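Thank you all for coming.

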Number of protein chains: 2
Amino acid sequence: MNYYPASILKLIKNISRLPGIGEKTAERLAMHILKAPRIEAEQLANSILELKDKVRLCSKCFALSDSDLCNICNDPARDTELLCVVEQPADMVSVEKSGAFPGRYHILSGVLSPMNGVGPNDIRIRELISRVKESNIKEVVLATSTNVEGEATAAYIAQLLEKYPVKVTRIASGVPMGGDLKYVDQVTLKIAMETRHVV
Amino acid sequence: MNYYPASILKLIKNISRLPGIGEKTAERLAMHILKAPRIEAEQLANSILELKDKVRLCSKCFALSDSDLCNICNDPARDTELLCVVEQPADMVSVEKSGAFPGRYHILSGVLSPMNGVGPNDIRIRELISRVKESNIKEVVLATSTNVEGEATAAYIAQLLEKYPVKVTRIASGVPMGGDLKYVDQVTLKIAMETRHVV
């Protein structure tokens with residue numbers, strides 16, 4: 001590989017560490033950066049460093065944030081009586097993209113998983129209970145995943161919240177929109193059948 | 001998009017400017033960088049900046065280099081009597097990867113293209129002639145592309161070199177190895193037939 005100078009090789013190596021980027025793509029990207037205007041390369045490098053410096057967790061909901069409170073906790077237009085509980089920041093992004101939720105979030109930063117040694121004190125359940133106690137939340141929507149661990153976490157939280165005057169709901173399970181019945185798994189179809197509704 | 005803090009959005013925007021990287025991939029890469037160890041992100045950012053600071057052209061062959069002379073011009077093991085003329089640094093890399101050329105290179109940094117206003121003075125032909133005049137080069141291999149412009153450039157250089165005591169050769173054209181005859185274009189097949197050799 002001595003046909004590339006060391007600084008190009010180093011960049012190729014560092015780029016190819018990113019997920020889903022092979023050596024060929026890394027080579028192509030490095031060549032693009034070499035040819036691109038200096039300002040563009042600097043913006044890219046600086047935004048990587050800035051990300052590491054600035055991003056932290058919102059002190060209220062534990063979403064990714066640049067400041068003490070995240071954009072959503074800071075937004076006066078959001079419904080403060082509605083709280084959506086998700087596992088990870090990426091799940092919050094998915095719910096936000098759906099545009100179907102006008103309230104605020106609580107990110108657990110994990111899911112109950114006794115097999116992996118993750119108990120109630122390892123995720124942000126205590127902080128969730130405090131928020132429910134201290135603010136005027138009327139409904140908590142449990143939007144953890146629909147796998148075993150997500151369901152167990154939702155059930156656990158629902159039980160804890162029983163003694164508070166708050167409505168606890170769970171996102172619906174069923175056949176995905178645009179889904180073809182013959183490819184839908186049996187458990188999903190069973191749930192969809194059991195929770196059928198009048199049209 | 002206010003579900004991401006500004007510094008993440010900025011990195012996503014800068015990554016998605018790279019060729020072949022869409023917004024989804026940029027989002028995935030930004031999330032990876034966010035989770036990756038700080039040192040890894042710093043190495044990536046610094047190698048981008050270092051690339052822009054360090055890489056220049058070799059003063060002899062015009063290949064990409066970290067220093068005044070590139071690795072190949074500096075390598076005493078390379079045959080100084082053999083010179084391969086290519087259009088771009090990437091072409092040099094291709095020839096190097098083939099492992100079939102033990103000599104040194106001359107990168108034209110372009111190709112004659114009257115349609116685009118590129119004449120003999122716009123690419124490094126003058127420097128090539130100087131190298132042939134001043135050093136003990138015995139053979140110049142013309143490895144420009146086999147398209148119209150590459151062929152014209154090779155023919156032009158061959159003509160200029162006629163008055164010097166140097167052997168001028170051109171890389172062979174023909175059916176690519178592993179090629180299926182029914183998919184090979186007519187011009188290539190015609191050349192391959194005309195330059196057939198005894199086995």
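Let me start with chain A, which is divided into domain 1 (6-54) and domain 2 (77-172), the bounds coming from an automatic or database domain assignment. The C-alpha centres of domain 1 of chain A and domain 2 of chain A lie 37 Å apart.

A word of caution before going on: this is a predicted model, in which local features need pLDDT of at least 70 and side-chain atom pairs count only at pLDDT 80 or more, while totals for chains, interfaces and linings use all residues. Residues are numbered from 1 along each chain as its sequence is written, chains are lettered from A and ligands numbered from 1 in the order in which they are written, and side-chain values use heavy atoms, with hydrogens and water left out.

Turning to helix α1 (residues 6-15) of chain B, we find Ser7(B), Ile8(B), Leu11(B), Ile12(B), Asn14(B) and Ile15(B) buried, that is, under 20% relative accessible area with a 1.4 Å probe and protein chains only. Helices here are DSSP runs of H or I with at least four residues, and strands are runs of E with at least two, numbered from the N terminus. The buried residues of α1(B) pack against α3 (38-54) and β2 (64-65) of chain A, together with α2 (23-35) of chain B.

Finally, the sheet of chain B is open, with four strands in the order β4-β3-β5-β6 and parallel pairing, where two strands pair if DSSP finds at least two bridges between them. At the edges stand β4 (103-107) and β6 (167-170) of chain B, each with a single partner strand, so one side of each is left without a neighbour in the sheet. Five bridges join strand β3 (residues 79-86) of chain B to β4(B), and Asp79(B) stands opposite Gly103(B) in β4(B).

Key. Buried means under 20% relative accessible area, exposed over 50%, partly exposed in between (1.4 Å probe, protein chains only). Contact means heavy atoms within 4.5 Å.
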